[in-house]
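Let's take a walk through this model, starting with the overall fold and ending at the DNA. Keep the viewer open as you read.

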Amino acid sequence: MAYWLFKSEPHKWSWEKQKAAGSEGTQWDGVRNYLARNNMRAMQLGDKGFFYHSNEGLEIVGIIEVCGLAHHDTTTDDPRWECVDIRAFCDVPKPVTLKAVKANPALEKMALVTSMRLSVQPVTEDEWKEVCRMGGLDPAP
DNA sequence: GCCAACGTTGGC
DNA sequence: GCCAACGTTGGC
């Protein structure tokens with residue numbers, strides 16, 4: 001089981017929309033970055049990830065589950081781009097802000113801080129547990 | 001809305 | 001294969 005972080009601008013695709021998509025989930029399309037794509041290729045069914053609101057909110061608001069392995073992104077004809085399917089798993093009761101992440105020395109190596117612009121990021125198990133604890137999810141799912 | 005960071009593109 | 005130009009992202 002691995003952990004990830006997905007970034008989305010809420011006016012394009014918000015946590016509310018992700019939840020409304022229900023248990024069937026949606027494809028995480030639109031990623032046009034090799035590193036982010038490679039991260040998605042490495043995902044396994046049942047992997048969990050944080051759902052982060054960029055630009056507005058700037059906080060981790062939910063947890064998703066990978067429910068479909070990487071496959072071609074149907075929003076482009078370019079065969080290079082792939083995406084996974086994800087579905088909402090649960091809310092983060094107390095959203096964890098970027099500010100709070102940056103202020104926590106235990107999270108200083110987190111990709112959210114060091115690779116700010118990467119849209120699909122790996123999260124270590126320690127980081128996962130720490131962010132869940134900050135968000136009011138203890139034990140971590 | 002600005003601007004820094006950084007990934008991608010394309011000419012050589 | 002290098003590197004400058006360009007476009008996009010995302011925090012502020």
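A residue counts as buried here if 20 or more other C-beta atoms lie within 10 Å of its own, as exposed if 12 or fewer do, and as partly exposed in between, with C-beta atoms placed from the backbone. On that basis, 35% of the 141 residues in chain A are buried. Bear in mind that this is a predicted model, where local features need pLDDT of at least 70, side-chain atom pairs count only at pLDDT 80 or more, and totals for chains, interfaces and linings use all residues. Residues are numbered from 1 along each chain as its sequence is written, while chains are lettered from A and ligands numbered from 1 in the order in which they are written.

Now for the fold. Chain A has five helices and six strands, taken as DSSP runs numbered from the N terminus (helices: H or I, at least four residues; strands: E, at least two). Read from the N terminus, the order is β-α-β-α-β-β-β-α-α-β-α. Take the contacts in chain A between residues at least 6 apart in sequence: 68% of them join residues at least 24 apart, a contact being two C-beta atoms, placed from the backbone, within 7 Å.

Next, look inside. A nonpolar core is a set of buried Ala, Val, Leu, Ile, Met, Phe, Trp, Tyr and Cys residues joined through C-beta atoms within 7 Å. The largest one has 35 residues, and Phe-6, Phe-50, Phe-51 and Ile-60 have the most contacts inside it. Elements giving two or more residues to this core include strand E1 (3-8), helix H2 (34-41) and helix H5 (125-134), but E5 gives the most, with six residues. Click on Phe-51 and, beyond its neighbours within four places in sequence, you'll find contacts that include Phe-6, Trp-15, Gln-18 and Ile-60.

Strand E5 also holds Cys-83, which is buried, with 24 other C-beta atoms within 10 Å. Leaving out residues up to four places away in sequence, Cys-83 touches Trp-28, Met-40 and His-71, among others.

Last stop: the DNA. Around DNA strand C you'll find Lys-7, Ser-54, Asn-55, Leu-58, Leu-98, Met-116, Arg-117 and Ser-119, each with its C-beta atom, placed from the backbone, within 6 Å of the strand.
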